[in-house]
Amino acid sequence: QVHLVESGGDLVQSGGSLRLTCAASGSLFSINIMRWYRQAPGKPREVVATITSDGSTTYTESVKGRFTISRDNAKNTLYLQMNSLKPEDTAVYYCNAIGGGIYWGQGTQVTVSS
């Protein structure tokens, strides 16, 4: 079992930055992929960024060049650095882990004002 807790969401002005954190605990040896998802009101949940166990990363097109996913294995923590934020980035952001099961955090709200 893996437990994920996100933090770092906030209200920020357009052009601002935030760093989201996902603290992981439990059977972490089984985890090989971690992702950040987001869900805006009235829209389906979408993958924002992915990082694999070997450090490979991928991003959805709309955040490329602005967001950076990273992980600190020593701290069992996943990060999402978000720069040049836009109002369309407003959503609840979720941490996701895959390995021996699929695990989700409770989400953290990011609101970007214009």
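Guide: What follows begins with the salt bridges and moves on to the disulfide, a sheet and the nonpolar core. This is a predicted model, in which local features need pLDDT of at least 70 and side-chain atom pairs count only at pLDDT 80 or more, while totals for chains, interfaces and linings use all residues. Residues are numbered from 1 along each chain as its sequence is written, and side-chain values use heavy atoms, with hydrogens and water left out.

The structure holds 4 salt bridges, a salt bridge being a side-chain nitrogen of Lys or Arg within 4 Å of a carboxyl oxygen of Asp or Glu. Arg 38, Glu 46, Arg 66 and Asp 89 are joined in a network of such bridges. Between Glu 46 and Arg 38 the closest N and O atoms are 2.7 Å apart. For burial, the cut-offs are under 20% relative accessible area for buried, over 50% for exposed, and partly exposed in between, with a 1.4 Å probe and protein chains only. Glu 46 is partly exposed because its relative accessibility is 31%, whereas Arg 38, at 5%, counts as buried.

Arg 38 also forms a salt bridge with Asp 89, with 2.9 Å between the closest N and O atoms. This pair links distant parts of the chain, since Arg 38 lies in strand E4 (residues 33-39) and Asp 89 in the loop between strand E8 (77-82) and strand E9 (91-98), 51 residues apart; strands (E, at least two residues) and helices (H or I, at least four) are DSSP runs, numbered from the N terminus. Both Arg 38 and Asp 89 are buried. Asp 89 meets Arg 66 in a further salt bridge, at 2.8 Å from N to O, and this pair again links distant parts of the chain, with Arg 66 in the loop between strand E6 (57-59) and strand E7 (67-72), 23 residues from Asp 89. Arg 66 is buried, as is Asp 89.

A covalent link comes next. The structure holds 1 disulfide, defined as a pair of cysteine sulfur atoms within 2.5 Å; here Cys 22 and Cys 95 have their sulfur atoms 2.1 Å apart. The link is left-handed, with -75° about the S-S bond. Cys 22 counts as buried, at 0% relative accessibility, and Cys 95 is buried with a relative accessible area of 0%.

E3 and E8 also take part in an open sheet of 4 strands, which has the order E1-E3-E8-E7 and antiparallel pairing, where two strands pair if DSSP finds at least two bridges between them. Its edge strands are E1 (2-7) and E7, each of which pairs on one side only. E7 and E8 are joined by 6 bridges, and Phe 67 has Met 82 in E8 as its bridge partner.

Met 82 is also among the residues with the most contacts inside the largest nonpolar core, which has 28 residues; such a core is a set of buried Ala, Val, Leu, Ile, Met, Phe, Trp, Tyr and Cys residues joined through side-chain atoms within 4.5 Å. The elements that give two or more residues to this core include E4, E8 and E9. Leu 80, another of the residues with the most contacts inside the core, touches Trp 36, Phe 67 and Tyr 93, among others, when residues up to four places away in sequence are not counted, contact meaning heavy atoms within 4.5 Å.
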